[in-house]
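Hello, and welcome to this short briefing. Please have a look at the sequence and the 3D structure, then read on.

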2 protein chains.
Amino acid sequence: MDREATLHDVAGKVGVSPRTVSRVVNDEGGYSPETRKKVLAAIEELRYRPNMVARALITKRSGTVGLVGGDMTDPFFPALAEGIQHRAREAGQTMFFASTGSDPDRQAEVLRSFWARAVDGVIVFPALDSIDQLTDYGRRGLPIVVVDDLVEAPNVACVLFDLPEGGRLAAQHLLSAGRRRMGVISATVSPPRRRHRERGFVAALTETQGDHLPAVTAEADPTVRGGEAGFAELLSLMPDLDGIFAYNDLVAIGAMRAAAASGRRVPDDIAVVGCDDIEMSTYITPALTTIRLDRGRLSNEAVAALGDLIDAPAQRRPPVVLPVELVARESA
Amino acid sequence: MDREATLHDVAGKVGVSPRTVSRVVNDEGGYSPETRKKVLAAIEELRYRPNMVARALITKRSGTVGLVGGDMTDPFFPALAEGIQHRAREAGQTMFFASTGSDPDRQAEVLRSFWARAVDGVIVFPALDSIDQLTDYGRRGLPIVVVDDLVEAPNVACVLFDLPEGGRLAAQHLLSAGRRRMGVISATVSPPRRRHRERGFVAALTETQGDHLPAVTAEADPTVRGGEAGFAELLSLMPDLDGIFAYNDLVAIGAMRAAAASGRRVPDDIAVVGCDDIEMSTYITPALTTIRLDRGRLSNEAVAALGDLIDAPAQRRPPVVLPVELVARESA
DNA sequence: ATCGTTGACGTCAACGTTGACGCCAACGTT
DNA sequence: AACGTTGGCGTCAACGTTGACGTCAACGAT
């Protein structure tokens, strides 16, 4: 458990200055091939590893990115985190992770903590309804990528899915299956500003059928239990409901369970469309028809956008909108 | 985007030395109440935040812990990560996260990266079959908590579930339901040393029935697809199979799907017991009978063990073994 | 022969913080 | 009156690295 080797140790061994060793380590040039070889050998022998903390102190670049999430147990999230972590590591970055439980105070605390640790950038998802925090940090020079929301501020880039289109696709699919008495289950945690899928859904209904077409709405937690409760609420509003568009797949699964428990068959009596396309949606019966959101692509775009922002700060760039598609399975 | 305030700035504003400000920030004592008040006010006004990087450089404590996981998309994992992150944040630590895809080289890279960033400790899960890496870092002074494996080395503590007991419980449950022709689906990624649940299962069978009792084994990926493949393999080995113990719930779900696809009813024709108790196991039909592993408790114990290790290094401590229980639902 | 250029280094300070130590006045003790 | 103790600070160096700049020899061009 003796001290770690430093640039000084390597330099002493080779007989050059620490600065030269640093040049070799960073591929800066300004040394002869023989020196390089000797330095590399000494590094190997002493098992020298650059101290990222010291480097970060002077360069102001720590080689880390922070991921601020809502709740890791949301099945949509792990794939995102995994993708971001993977991409970041390819770029030589290490990922901090913290979840906020959708609490603005905790989000603030997390951002402070990341900032104090000199992260090179953060990816935030979901943004809650407190974007002032983000614009504030953006102004102070922190590159931020916001997933699934639109924030207009310096150093902030946005990556989101075309959820209005997702809502439209769901509506068209249900309409073309002959459904006319629709319900939407929305999420309580989702602020009104961000109800794009719901708006797209309703918009498509009115476009196609005129605004006499009924569509009732319930609010629920974005979980299976929430979906069960949401189904009950919809049913109390419209007992002869025949089509449901759910906030996400967990909610859709809950709604299907509640439908089955109430003696209704899916899709014969009630058709259900979810959103996300989590893995489990393939495996339940009936398999869930849903709006697929490509999380892998989202991760890539988010990391890429963050990289751009880090390399060329203060440059405005338009939001990246990712396409969605409807995956027709058995539930609708 | 002007420079961040430092101890010097605060000191200059108040008219004391930076060292005194540092004392106040760290609650060290050695200053008068009035000084304290003035310093605090200046800190507030200048929005001073201690620079963790500089602090880490000198104290060798960065206030970070690293989590090394296999694959975040394994449904067992997010709850663990969430719990650890939560606990760590309560202790003022920020969590690094990286997944290795169960590749020893990537695990090595991740550990190097964490080490270079001066993490105060790491939690590793699963440990793959390359524990030399871990013992090496442990010897170099890195506190390590290994989840779900036993590693005997300085600075390494272990937290694991009583999986042999889990296997026994599964066996007893299947036996008492009258099953006699058993199959086990194990995971290819799980090294032989760690097949405790399988050994417990087989041990209970032989204890109860003598060793004439057949139990066939298949290997598969720890996924739903893997479970489907594993079921086919078991069936080819023992066509009149009537009981299955699966590596985890995903595998169990796959096995149930394959059973249904082959025209067999669960649990009437084949009983299936899983392991983990992921949320989805409640929601599928038939609901899965499984060995529950309490991830929340695991997170708590892991973070607690890591905290102990950080505060009192080099002290041996016995592995923490967490109890498991069988949750009987519909599938067995 | 002189001069600028280039390559290959070395020197020094700085990043922001804390550990070790020193100083000085006020106070109580003998 | 001399002495130790304590509270309340300040000073200085160090953590390991890199940015800015300096130096010096070798070399080609004039």
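Which residue in β7(A) is the bridge partner of V184(A)? The bridge partner is T217(A).

This is a predicted model, where local features need pLDDT of at least 70 and side-chain atom pairs count only at pLDDT 80 or more, while totals for chains, interfaces and linings use all residues. Residues are numbered from 1 along each chain as its sequence is written, chains are lettered from A and ligands numbered from 1 in the order in which they are written, and side-chain values use heavy atoms, with hydrogens and water left out.

**The sheet in chain A**
- Six strands form an open sheet of mixed pairing in the order β7-β6-β8-β9-β10-β12 (chain A); strands are DSSP runs of E, at least two residues, and helices runs of H or I, at least four, numbered from the N terminus.
- Its edge strands are β7 (215-220) and β12 (325-327) of chain A, each pairing on one side only; two strands pair if DSSP finds at least two bridges between them.
- From one strand to the next, the twist averages 20°.
- Strand β6 (residues 182-187) of chain A runs parallel to β7(A), joined to β7(A) by six bridges.

**Helices across the sheet**
- Helix α10 (residues 224-237) of chain A lies across β6, β7 and β8 (243-246) of chain A, with contact meaning heavy atoms within 4.5 Å.
- α10(A) runs at about 145° to β7(A); axes are lines fitted to C-alpha atoms, for helices over the stretch in contact, and angles run from 0 to 180 degrees between N-to-C directions.

**A helix in chain B**
- Helix α8 (residues 163-176) of chain B has 14 residues.
- Just after α8(B), G178(B) takes a positive phi of about 85°.

Key. The expected span of a helix is 1.5 Å times one less than its number of residues.
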